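Dear colleague,

Please find the structure that I promised to hand over, placed just below so that you can look at it before you read on.

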Amino acid sequence: MTRYSRITGTGSYLPPHRLTNAELATELASKGVETSDEWIVERTGIRARHFAAPGVTSSDLGLEAARHAIEAAGLQAADIDLIIVATSTPDMVFPSVACILQHKLGIAGCAAFDLQAVCSGFVYALTVADAMIKSGAATKALVVGAEVFSRILDFSDRTTCVLFGDGAGAVVLEASETPGILASDLHADGKHVGILCVPGNVSGGQVLGSALLTMDGQAVFKLAVGVLESAARAALAKADMVEADIDWLIPHQANLRIMHSTARKLKLPLDKLIVTVDQHGNTSAASIPLALDAAVREGKIKKGDILMLEGVGGGFTWGAVLLRY
Ligand code: ACO
């Protein structure tokens with residue numbers, strides 16, 4: 001019998017400290033950095049973001065999201081036999097957030113590792129977990145996207161610091177006799193490393209270079225709108241499906257204009273687009289599972305719906321996962 005994988009539970013978590021654009025603008029103004037609610041909303045669609053308190057790490061946020069997902073799947077933490085955490089803001093250089101999270105969940109023994117594909121991390125991680133389940137290497141996987149991007153923001157750079165937020169999302173992916181995940185399409189092109197990166201590294205007990213995010217926003221924008229369309233089409237073709245089969249489009253939540261343009265290119269009405277970027281900002285690898293969980297809990301997404309998840313981010317990386325929920 002063919003073995004497939006299927007999402008059986010979703011969960012998410014946002015740290016309690018919420019900052020509206022106006023509140024952020026006031027904080028930034030006190031440091032001599034000028035921005036406004038109007039500019040941020042018009043260019044990005046973002047209205048608010050959440051920032052983790054000092055000392056709160058990706059594994060802390062991931063733990064809350066994971067607990068919700070495991071509970072929604074009707075499982076206990078001890079049932080999980082694989083943990084993959086997609087993150088670019090790990091608690092430490094090593095060990096992985098996945099290992100720290102495993103311990104915080106009170107379990108031991110199962111495989112646990114991090115996956116680094118920046119904002120495409122969740123679709124990459126879901127694809128890897130799907131392949132491991134199909135191969136028989138895992139049966140009940142916990143796939144988490146968790147980020148504290150506030151820690152790598154340059155709050156003197158208004159072109160980036162207004163865009164990002166902290167949070168975590170998670171799914172439980174289980175072996176199933178019926179599909180679940182229908183197709184994946186992953187890509188990377190390392191020649192674009194410089195347009196979106198945190199260039200610093202740790203050496204000799206010090207951080208060498210800048211440990212803050214830098215981005216050429218317009219270059220990212222142009223690449224993103226092209227690859228989000230091509231990845232969606234490639235995933236549909238692999239599953240022998242067409243745009244009209246998609247019930248819900250859940251792209252990486254970075255910028256409402258990119259998301260609208262993707263929906264238009266796929267000829268999808270905007271009411272099929274799941275939007276949380278307005279309330280969360282860009283939470284990198286956490287953005288897709290956060291949006292998925294919000295839509296599931298709002299009752300928008302129902303069992304059997306066809307979902308197109310799409311990531312794009314630093315690397316440059318991009319990809320799509322088409323699935324039946
Ligand atoms: N407040 C007020 N003014 C601002 C701000 C701000 N926060 N930021 C920039 N400006 C100004 C600029 O200085 C510029 O002023 P000037 O014309 O006097 O020079 C003007 O606004 C226009 O700046 P642009 O950079 O041209 O603005 P643009 O319309 O391109 O929007 C943005 C910038 C929002 C960053 C856009 O390019 C974008 O969304 N790009 C994609 C970003 C993205 O998706 N990143 C996430 C990838 S995911 C990952 O891997 C982390």
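Domain 1 (4-176) and domain 2 (181-324) each give at least three residues to the lining of the second largest pocket, where the domain bounds come from an automatic or database domain assignment. This is a predicted model, in which local features need pLDDT of at least 70 and side-chain atom pairs count only at pLDDT 80 or more, while totals for chains, interfaces and linings use all residues. Residues are numbered from 1 along each chain as its sequence is written, and side-chain values use heavy atoms, with hydrogens and water left out.

A pocket here is an open set of points on a 1 Å grid over the protein atoms alone, where a 1.4 Å probe fits and protein lies on both sides within 12 Å along at least five of seven lines; its lining residues have an atom within 4 Å of a point. The volume is the space filled by probe spheres set on the points, which are joined across faces, edges and corners, and for the second largest pocket it is about 630 Å³. Its lining has 28 residues, and T159, L163, M215, G217 and N255 are the closest to the centre. Among the elements that supply at least two residues each are α2 (37-44), α6 (158-161) and α8 (256-265), but the largest share, six residues, comes from α7. Helices (H or I, at least four residues) and strands (E, at least two) are DSSP runs, numbered from the N terminus.

The largest pocket holds about 790 Å³ of space, and 33 residues line it, with S88, T89, P90, Q116 and V198 nearest its centre. Two or more residues of this lining come from each of β5 (111-115), β9 (196-197) and β10 (201-203). Why does the largest pocket lie between domain 1 and domain 2? It lies there because both domains give residues to its lining.

Turning to the ligand, there are 27 residues around it, of which T35, R43, C119, Q218 and N255 come nearest; a residue counts as near if one of its heavy atoms lies within 4 Å.
- an N or O atom in the side chain of W39 is 3.1 Å from an oxygen atom of the ligand;
- a polar side-chain atom of R43 lies 2.7 Å from a ligand oxygen atom;
- a backbone N or O atom of G314 lies 2.7 Å from an oxygen atom of the ligand.

On its own the ligand has 1000 Å² of accessible area, and the protein covers 75% of this, by the Shrake-Rupley method with a 1.4 Å probe.

Finally, the backbone: most residues other than glycine have a negative phi, and most peptide bonds are trans. The bond that joins F94 and P95 is cis, with omega about 0°, and P95 sits in the loop between β4 (82-86) and α4 (97-104). The peptide bond from G315 to F316 is also cis, with omega near 0°. D240, a residue other than glycine, has a positive phi near 60°, and D240 is in the loop between α7 and β13 (248-251).

With best wishes

Methods. A polar contact is a pair of N or O atoms within 3.5 Å; within protein, one must be able to donate a hydrogen and the other to accept it, and residues adjacent in sequence count only if both atoms are side-chain atoms.
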